[in-house]
Amino acid sequence: MTTILEVTNLKKYFPIKKGLFSRTVGHVRAVDGVSFSVKEGEVLGLVGESGCGKTTTGRCVLRLMEPTEGSIKFDGQELVGLPFRDLRKLRRQMQIIFQDPYSSLNPRLSVRTMLMEVLTVHAIAKGQAARERVGELLRMVGLSPSQAARYPHEFSGGQRQRIGIARALALNPRLIVADEPVSALDVSIQAQIVNLLRDLQKQMSLTYLFIAHDLSVVEHISTRVAVMYLGRIVELASSGDLYREPRHPYTVSLLSAIPSHDPDTKKARIVLKGDVPNPANPPSGCRFHPRCFMAQPVCAVEDPPLREITPGHWSACHFAEDVPLQGVR
């Protein structure tokens, strides 16, 4: 498989301004040196708790936010610094599904107008051809073409997210950034949307960057999983390897929080100490060491690199080989 997306040393800093003249007194390091690649037809899950930089990473990949530093290559073409005119041509191949289906749809436009606008702006179809394409898109996401005349407020949350998915599919993209597409939905609806995304991925050979904070959701759709903490990737592995043999204490603690399907199964619950540190002033050494149950003195001094522990399994931990696995799953 060819590599469709390659991100190298991506950084996004937000300035902290104070005083009458709005002087910059520091930076919030939302994304601080993230590197990963995604192969065509693959689903890379990007997980971590709120505030770790997942959404910022996804938006920088699509240039919805301008990165502070780093390289983003889509199909071999560098996106950072690319003029808007050239970037717009690539928009047809890269789309996003937003987190909140209640605010991502224009309440003043009907579903038909919303989807036809996408097709018209990019000169895909117009008139009757566009109307027929709208009906086809609605059928693809499990809605009826007869619902095209309705407005967003007439749909449930799950139906609105299906409309958001239809909008993302309208231009036949190759890469879709799914930014926590099920986190705002009821648990009963989440499985339906995840199954829909998985089916569409297989039917259309799509590539997903699937952002989520729930590891149990990511498990069912991802080929590989990258775990983020405080702006950095701390573990990257195939889905099977990461859930079976996590090699970072943070991943172990996240997996221990997933409820078991079997009420008779008991597993150790790891409760992290304190809160996530301030990204404007991250800890020295390993950023996870103030909360880590395996922390040693070296962790407060030396920043561990992301290194390959076993083939295809990367971890940013000094003691990755000694991470306890019992009772994780």
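Author: What follows covers cavities, cysteines and one lysine. This is a predicted model, in which local features need pLDDT of at least 70 and side-chain atom pairs count only at pLDDT 80 or more, while totals for chains, interfaces and linings use all residues. Residues are numbered from 1 along each chain as its sequence is written, and side-chain values use heavy atoms, with hydrogens and water left out.

Reader: How many cavities of 30 Å³ or more turn up?

Author: A search of the whole structure gives one. A cavity here is a set of points, on a 1 Å grid over the protein atoms alone, where a 1.4 Å probe fits but cannot get out; lining residues have an atom within 4 Å of a point.

Reader: Which residues lie nearest the centre of the largest cavity?

Author: Pro249, Cys286, Cys292, Cys299 and Cys317, out of 14 lining residues.

Reader: How many disulfides does the structure hold?

Author: Zero, taking a disulfide as a pair of cysteine sulfur atoms within 2.5 Å. For Cys299 the nearest cysteine sulfur is that of Cys286, 6.0 Å away. For Cys317 it is that of Cys292, at 6.2 Å.

Reader: Different topic. Is Lys11 buried or exposed?

Author: Lys11 is buried, because its relative accessible area is 18% and buried means under 20% (1.4 Å probe, protein chains only). Lys11 touches Val31, Asp32, Gly33, Pro67, Thr68 and Glu69, not counting residues up to four places away in sequence; contact means heavy atoms within 4.5 Å.

Note on methods. 1 Å grid on protein atoms, 1.4 Å probe; cavity = no way out; pocket = protein on both sides within 12 Å on 5 of 7 lines; lining within 4 Å. Points joined across faces, edges and corners; volume = space filled by probe spheres on them. Buried < 20%, exposed > 50% of the residue type's maximum accessible area, 1.4 Å probe, protein only.
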